[in-house]
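Hello,

I'm handing over the structure we talked about, with the sequence alongside it. Please have a look at it first, and then read my notes below.

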Amino acid sequence: MGRRDLSRAVAVAVLVGAVALGGVDAPAVAAGGHGPRTERVNAAPDGSQAVGGGSFNAAISPDGRYVAFDSEADNLVPGDDNDGPLVHDVFLRDRRTGTLRRINAPLGPGNADFASISADSRYVAFNAETAGQYHVYVYEIRTGRLERADLDMDAGFTGGETPALSADGRYVAFLGLQATVPPSNEDFGRVYVRDRKTGTTRRASRTPAKEGRGYDWPRISADGSKVAYRERSRRGGGPGERDWADIYLADLRTGEQRQIDTTADGRPATSGSTDPLISADGRYVAFNSAAKNIVPVPDEARSYVFVRDTRTGAVRRVDGIGGNQYATADAISPDGRRLLLRYSGVEYGLYVKDLRTGKDTLVSPGTDGKPRAATAGPDAMTPDGRAVVFESHLDDLVDGDTNHETDVFLRHVR
């Protein structure tokens, strides 16, 4: 999924109404600093609401201290002069100190978005538009140092976007963007991994076997050795192109390229698969697919969430609440035990699903405790699932929401 695909998905998800649910963990919002509660993150240091545009694409550090997000608002920090239609800045909130930084400010005017935080809470990677092209930058939280990561790619590749960081921030997986006409069997995108320690970059996505294929949505394991990504058709879905996208896992140590969206015995998915997520050790890969042959699904289902155990080869279908067919996996915990699921269709809302116990915990309640439509990014959940960041345009997730904008929220489950 490209940089703007996510924003379009956000717009669709948050414009859907909310329905009350039964039989699941749906705690009401608690006042004060203890117990289940929701707080708005994209506020100015003095508590003022964001004005001038919406806020999106939140990521949270594993310890819950930092939340990164991008926003069109121009009142979150003093001196924000990066104005213009739909121009985003990347902000980093330190919840321990209460401070808020605009971390792309040294790069000058231009759009910046889609931040990712390393598991050691030291680095933030994000996209930024400089001199008319998108690049990937890594920001060191302690020093404020900025380093460009989309360097030393194949000939003709001069930009990058949608980064993902290894646990210590050494490795950066990203989508490399080609400025020239691509080869006949490739689209404009390739997935690369930058080793910031050695200053080298290597291609992670495979050489395509079909004409007109491109690559995107990279996710990287904690040690940087494995990268999950999507291979898609340049033409997208359509007549004669049901299998328009597949999920692959690259092992950078062995060079293996393994298709993930297959049946247990290795038969390819018969329809498109999207949005890969990878556990910290690279063992589990979650994805969304409309394929009916991966495991048996009801004929009327449009899409399901699947989780593959790459060690055993087993693949599991993850159903929504009460068999809800319209579930999308937005994030996975480092151990692969929990998924952050976005439900739509029959029921709506964001839930943390414990794959071991089957329990669903609502993380997007309104002030009345009932579910509200929301969407989240791949780094939106702490490892234990007790804190989740997300976005919603609805105005009744917290009291006093009157800015009529999409806001970023943090839900404390307990």
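**What I found**

Asp 81 has a relative accessibility of 61%, which means that it counts as exposed. The terms work like this: buried is under 20% relative accessible area, exposed is over 50%, and partly exposed lies in between, using a 1.4 Å probe and protein chains only.

Before going on, a word on the basis of all this. Please keep in mind that this is a predicted model, in which local features need a pLDDT of at least 70 and side-chain atom pairs count only at pLDDT 80 or more, while totals for chains, interfaces and linings use all residues. Residues are numbered from 1 along each chain as its sequence is written, and side-chain values use heavy atoms, leaving out hydrogens and water.

The pLDDT is the predictor's confidence in each residue, on a scale from 0 to 100. For this chain the mean is 87, with 85% of the residues at 70 or more. Please be careful with residues 1-32, where pLDDT stays under 50. The model has 86 contacts beyond four places in sequence for that stretch, a contact being heavy atoms within 4.5 Å.

**Salt bridges**

Back to Asp 81: which residue does the side chain of Asp 81 meet in a salt bridge? The partner is Arg 102, at 4.0 Å from N to O. A salt bridge here is a side-chain nitrogen of Lys or Arg within 4 Å of a carboxyl oxygen of Asp or Glu. Arg 102 belongs to strand β5 (residues 99-102) and Asp 81 to the loop between β3 (66-71) and β4 (89-94), so their bridge ties together parts that lie 21 residues apart in sequence. Strands are DSSP runs of E with at least two residues, helices are runs of H or I with at least four, and both are numbered from the N terminus.

Another one joins Glu 140 and Arg 142 at 3.9 Å, N to O. Glu 140 is buried at 10%, whereas Arg 142 is exposed at 70%. In the bridge between Asp 360 and Lys 353, the N to O distance is 3.1 Å. Here Asp 360 is buried at 8%, and Lys 353 is buried at 9%. Through shared partners, salt bridges also join Asp 80, Asp 81, Asp 89 and Arg 102 into one network.

**A four-stranded sheet**

Next, have a look at the open sheet with the order β6-β7-β8-β9, whose four strands pair in the antiparallel sense. Two strands count as paired if DSSP finds at least two bridges between them. The edges are β6 (112-117) and β9 (146-148), and each has a single partner, so one side of each has no neighbour in the sheet. From one strand to the next the twist averages 30°, with axes fitted as lines to C-alpha atoms (for helices over the stretch in contact) and angles running from 0 to 180 degrees between N-to-C directions.

Between β7 (residues 123-130) and β8 (residues 133-140) there are eight antiparallel bridges. Phe 126 stands opposite Tyr 137 in β8.

Phe 114, with a phi of about 55°, lies in strand β6 and is buried at 7%. Ser 121, with a phi near 60°, sits in the loop between β6 and β7 and is buried at 11%.

**The nonpolar core**

In soluble globular proteins, nonpolar side chains tend to be buried together. A nonpolar core here is a set of buried Ala, Val, Leu, Ile, Met, Phe, Trp, Tyr and Cys residues joined through side-chain atoms within 4.5 Å. The largest one has 32 residues, of which Phe 69, Leu 340 and Phe 390 touch the most other members. At least two residues each come from β2 (55-60), β3, β24 (349-354), β26 (387-392) and β27 (407-412). The most come from β26, which gives four.

Beyond four places in sequence, the contacts of Leu 340 include Thr 328, Leu 350, Val 363, Met 381 and Val 388.

Finally, Ser 364 lies in the loop between β25 (360-362) and β26 and is buried at 0%. Among the residues that Ser 364 touches beyond four places in sequence are Gly 349, Leu 350, Pro 371 and Phe 390. Ser 364 and Val 388 are 24 residues apart in sequence, with 9.0 Å between their C-alpha atoms.

Best wishes
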